[in-house]
Amino acid sequence: MNRLIVVFTLFLAFFSSSPAAFAQVDTTHVTENAHAEPEKKKFDIGKFALHHIADSHSWHVIGETYIGLPVVLYTKDGFVTFNSSDFNHDDEGKVVVERKGQRFVKVHEKIHYASAVANEHGQFVDLDEKHHALNARPLDLSMTKNVCTLILSIVIILVVFINVANGYKKRKGKSPKGLQSWMEPIILFVRDDIAKPNLGHKYERFMPYLLTVFFFIWFNNMLGLIPFLPGGANLTGNIAVTMVLALATFCLTVFNGNKYYWKHIFMPDVPWWMYIVMVPVELVGVFTKPIALMIRLFANITAGHILVLSLICLVFVFDSLYIAPVSVAFAVFIGAIELLVAFIQAFIFTILSALFIGMAIEEHH
């Protein structure tokens with residue numbers, strides 16, 4: 001890994017310095033015409049990467065082809081519905097959609113009430129000094145790209161496991177076959193290497209949750225690595241999704257905690273005068289564990305997507321095709337690592353969930 005980083009750094013240094021070192025330019029001519037040519041706008045790699053990992057009201061297929069998704073807004077006059085394609089893929093507040101006497105615009109994938117007149121840039125919104133829209137917003141309940149991916153992943157999981165369950169019913173007592181033979185080793189891995197070591201003899205009670213969490217995260221991580229339809233969404237890189245998953249683990253831990261678990265928190269085995277320190281620390285730990293689960297999954301998946309996009313964008317940053325082989329090679333390399341990370345992050349979330357639940361139900365010896 002260190003050698004790859006050194007090689008990559010040397011390539012970047014070479015291509016960034018080579019134009020100045022090797023090109024023969026008539027500096028007098030450049031100086032005379034510098035004031036006549038407008039300064040070329042720099043490629044904003046951060047804005048590009050964040051735009052592509054963010055949720056959206058349409059699903060990009062290829063080129064300028066998009067699939068419009070249903071927009072559902074709750075306004076002061078009730079529900080308003082229309083298709084996101086009515087905005088003509090505008091994201092700067094220049095196209096107004098009127099429904100039920102109300103006008104709406106879309107700015108940075110957020111839908112606002114439109115202003116009566118456009119500003120000097122042709123946008124029907126009021127902007128602050130940071131170019132953020134100040135207009136009021138309706139309650140957005142739309143079917144965004146992440147919502148559609150969530151539904152798609154649920155359908156895939158149901159199809160896979162209904163097929164596997166039917167296989168067990170039809171081939172009872174026989175060796176697995178087809179999809180069943182692919183999924184059985186992973187199911188046994190979750191049972192034998194995650195559930196049993198952390199939950200003991202009570203593991204069967206929590207196996208449905210652990211299997212659901214593991215395959216939900218893994219399948220959505222894999223869908224997020226597909227750059228085209230039906231992939232391309234950053235579902236497990238959305239902190240709202242990871243928060244709900246972490247909240248489920250938190251609820252299972254809290255509601256299944258036995259008296260020894262709560263005694264350890266409120267009456268730890270330390271001298272009484274240390275309670276003033278230990279009890280607050282233990283209480284904070286109850287909440288920091290699910291927060292760590294939430295942030296770890298969100299940060300790792302998001303960072304991986306940003307890294308791949310950033311490597312590809314080096315071609316536009318350096319404005320040279322010579323960097324393309326290097327950026328594409330490293331993007332493919334990081335993409336291959338992300339295939340492994342997709343599985344590892346599902347494993348880590350599941351094993352930590354099992355560990356936290358196991359600590360709550362552990363019997364006193």
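Visitor: Leaving aside its neighbours within four places in sequence, which residues is E109 in contact with?

Guide: In this predicted model, E109 is in contact with D55, S56, H57 and D91 once neighbours within four places in sequence are set aside. E109 itself sits in the loop between β6 (102-107) and β7 (110-113).

Visitor: Why is E109 called buried?

Guide: The relative accessible area of E109 is 17%, and buried means under 20%, so E109 counts as buried.

Visitor: Why is the pairing of K106 and E109 called a salt bridge?

Guide: The side chains of K106 and E109 meet with an N to O distance of 3.7 Å, and a salt bridge requires the side-chain nitrogen to be within 4 Å of the carboxyl oxygen, so the pair qualifies. K106, at 5% relative accessibility, counts as buried, because the term applies under 20%.

Visitor: How many salt bridges does the structure hold, and which parts of the chain does the one between R99 and D86 link?

Guide: The structure holds 7 salt bridges. In one of them the side chains of R99 and D86 meet at 2.8 Å, N to O, and this pair links distant parts of the chain, with R99 in strand β5 (residues 97-99) and D86 in the loop between β4 (78-83) and β5, 13 residues apart.

Visitor: Why are R99 and D86 called partly exposed?

Guide: R99 has 29% relative accessibility and D86 has 29% as well; since buried means under 20% and exposed over 50%, with partly exposed in between, R99 counts as partly exposed, and so does D86.

Visitor: Why are K196 and D192 said to be separated by about one helical turn?

Guide: K196 and D192 are 4 residues apart in helix α5, and therefore about one helical turn separates them. K196 forms a salt bridge with D192, the closest N and O atoms being 3.8 Å apart, whereas the requirement is within 4 Å. K196 is partly exposed at 36% relative accessibility, and D192 is partly exposed at 32%.

Terms used:
Residues numbered from 1 in each chain as written. Predicted model: local features only at pLDDT ≥ 70, side-chain atom pairs only at ≥ 80, totals over all residues. Heavy atoms only, no water. Helix = DSSP H or I, 4+ residues; strand = E, 2+ residues; numbered from the N terminus. Buried < 20%, exposed > 50% of the residue type's maximum accessible area, 1.4 Å probe, protein only. Contact = heavy atoms within 4.5 Å.
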